[in-house]
Amino acid sequence: MTLYDLAFGPFAEFGFMRRALVGCLALALGCGPIGTFLVIRRMSLMGDALSHAVLPGAALGFILGGLSLPAMSLGGVGAGLVVALLSGLVTRLTPLREDASFAAFYLISLALGVLLVSLHGSNVDLLHLLFGSILAIDDAALVLVGAVASVSLLSLAVIYRPLVVECFDPGFLRAVGGRGGLVHTGFLALVVLNLVAGFQALGTLMAVGLMMLPAAAARFWVRELWTLSVASSALAFASGFFGLVLSYHLGLPSGPSIVLVAGLAYLASVLCGPRDSMRALYFRSR
Amino acid sequence: MSGSPGSAIVLQNVTLAYDGRPAIHHLTGEFSRGSLTAIAGPNGAGKSTLMKGMAGLLRPADGLIQHTGLGGGGIAYLAQHAEIERGFPISVIQTVLLGHWRRIGWAGPVNRELREEAHRALDSVGLAGFARRPIGSLSAGQFQRVLFARLIVQDAELILLDEPLAAVDWRTSEDLLRLIVNWHREGRTVAAVLHDLDQARAYFPDTLLLAREPVAWGPTREVLIPQNLRRARHMSESWSGEGENQRPVPGPWRAGLAGYPEPLPAPSLTVPRSRGGEG
């Protein structure tokens with residue numbers, strides 16, 4: 001068994017592995033830039049909360065349409081957007097800040113989702129929703145993930161400049177009439193879209209893992225905004241690849257394997273990345 | 001009464017609210033075109049709120065703020081720093097290029113001419129060669145120069161500056177004041193919130209002395225007299241309810257600081273022990 005056989009064998013041999021890999025590629029292309037912006041805008045935990053918030057929507061779609069992709073995706077997007085909008089409303093109209101109002105709504109949402117699934121489905125279905133099933137990804141799901149990635153990249157190209165300014169100097173954007181609120185909402189919509197695409201593969205619990213971990217790790221390799229996005233996508237895809245290989249050979253569930261590989265990449269970056277890592281700090285202080 | 005063609009901003013009996021409370025009331029007057037006005041007053045006088053109102057970011061709760069004849073350049077507004085993400089991965093030249101927003105908008109291309117304009121602006125603030133530096137590596141003074149370069153690029157008829165010289169070293173202060181005077185010479189209308197009254201006396205022909213309502217508005221040497229300053233301080237003392245019991249503090253504006261309401265004590269994290277009885 002050569003290294004080639006170990007690494008590429010499973011993909012050469014099995015169609016479902018190839019589809020899973022392509023799915024990971026599409027996911028990585030969308031999640032990379034979005035995750036980078038989430039990290040930069042200090043919205044990392046909000047991304048996590050959003051990923052849990054999509055559960056009742058997906059559950060409702062599942063109840064009404066079975067394990068149907070369009071139904072669950074539509075439901076997930078709906079739920080995610082509702083949570084984002086409601087917490088935005090509460091933040092704007094009451095003294096409660098965004099983090100608390102988001103936490104409140106996503107927890108309500110999550111509990112609702114778990115309730116719905118346990119009432120109407122078997123435990124296996126709940127596991128699928130929570131943990132994903134990337135190996136069961138079919139062509140329809142691939143098309144969805146690919147479409148989401150394309151839409152995300154195109155939209156980001158359009159809103160890139162106002163998004164950057166909205167993070168960097170929101171006062172300036174307001175002063176020149178740049179419609180910061182619209183950009184923020186548009187960005188949230190993109191996050192929800194990518195999370196819904198991700199939960200097919202990784203489940204709602206960990207869909208955000210492929211967004212956040214590579215973006216956090218990329219910080220220790222490159223500095224500029226667009227290179228951060230590219231590095232995040234690259235790391236996300238690499239995590240997908242090695243996670244799938246690992247899960248294949250060791251018989252582990254693939255969703256958590258992918259996210260754990262991303263986690264290892266993050267730890268390695270924190271410890272020994274070229275920029276501002278622990279190693280760099282240690283050598284700087286000597 | 002709409003403003004005469006010689007005025008850039010007209011305020012009619014303006015009341016501006018902040019956080020639900022009136023921050024400024026009964027402000028009437030005008031900034032004539034090409035004027036250079038310092039806006040001074042104790043802390044809490046509503047100066048920042050006034051700036052926001054004039055920049056169009058805050059709608060008056062009462063009264064009218066009218067802009068006349070602004071042309072294509074619009075209004076350039078420099079806010080106080082609080083909201084800028086200093087560690088953001090953006091370079092100096094990218095920040096300055098944002099000044100072209102009216103010409104490029106969300107996704108318009110930046111051609112060579114716009115880029116050269118930005119570089120010239122950087123040169124004029126003394127930051128030639130800093131174009132590619134990330135803004136996180138700049139000192140406070142250098143960063144303020146970058147923001148001024150952005151203002152230069154905006155090429156606006158009306159320039160509103162909210163505390164442009166706060167937390168900046170003396171040398172940068174002088175350089176930036178010279179830029180402001182230059183704008184004045186170019187015929188632009190400039191208004192700036194200042195805390196250093198000597199700078200106002202040295203560089204600004206007009207001053208608006210504010211203490212939630214106008215105390216005096218006119219030529220600086222007529223406005224910044226001890227009598228007016230005392231009156232402004234006295235007015236500011238009434239905001240926090242403290243009066244003559246205050247100990248005298250040097251300088252016209254320290255009283256404003258002392259008169260500011262005390263922050264609430266931080267909530268204790270442990271249950272206080274009862275004095276008598278079991279501890």
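Predicted model: local features only at pLDDT ≥ 70, side-chain atom pairs only at ≥ 80, totals over all residues.
Where is the place of B:Phe88 in chain B?

Figure 1. B:Phe88 sits in the loop of chain B that lies between strand S5 (75-78) and helix H2 (92-97). When residues up to four places away in sequence are left out of the count, this residue touches A:Ile40, A:Cys167 and A:Phe168 of chain A as well as B:Ile135 of chain B. B:Gly46 is 42 residues apart from B:Phe88 along the chain, and the C-alpha atoms of the two are separated by 30 Å.

**Figure 2. An overview of chain A.** The secondary structure of chain A consists of 14 helices and zero strands. Its radius of gyration is 19 Å, close to the 19 Å that the globule rule gives for 286 residues, so chain A is as compact as a globular protein of that length. Taken along the principal axes, the box that the C-alpha atoms of chain A fill is roughly 65 × 60 × 30 Å. Of the 286 residues in this chain, 51% count as buried, and among the contacts in chain A with a separation of 6 or more, 71% come from residues 24 or more positions apart.

**Figure 3. Helix H4 of chain A and the residue just after it.** Helix H4 of chain A covers residues 55-65, and it is largely enclosed by the rest of the structure because eight of its eleven residues are buried. The buried residues are A:Leu55, A:Pro56, A:Gly57, A:Ala58, A:Ala59, A:Leu60, A:Gly61 and A:Phe62. Just after H4(A) comes A:Gly66, which takes a positive phi of about 70 degrees.

**Figure 4. The packing of helices H11 and H12 in chain A.** Helix H11 (residues 209-218) and helix H12 (residues 225-250) of chain A pack with their axes 8 Å apart and at an angle of about 125 degrees. This angle makes H11(A) oblique to H12(A), and the crossing of the two helices is right-handed. On the side of H11(A), the residues that meet the other helix are A:Leu210, A:Pro214, A:Ala215, A:Ala217 and A:Ala218, while H12(A) contributes A:Leu228, A:Ala231, A:Ser232, A:Leu235, A:Ala236 and A:Ser239. Sorted by kind, the residues of this contact comprise nine nonpolar, two polar and no charged.

Terms used. Residues numbered from 1 in each chain as written. Chains lettered and ligands numbered in written order. Axes fitted to C-alpha atoms, helices over the stretch in contact; angles between N-to-C directions. Helix = DSSP H or I, 4+ residues; strand = E, 2+ residues; numbered from the N terminus. Parallel < 35°, antiparallel > 145°, perpendicular 65-115°, else oblique. Left-handed = near helix turned anticlockwise from the far one by under 90°. Contact = placed C-beta atoms within 7 Å. Nonpolar A, V, L, I, M, F, W, Y, C, P; charged D, E, K, R; others polar. Rg over C-alpha atoms; globule rule 2.2 N^0.38 Å. Buried ≥ 20, exposed ≤ 12 C-beta atoms within 10 Å, placed from the backbone.
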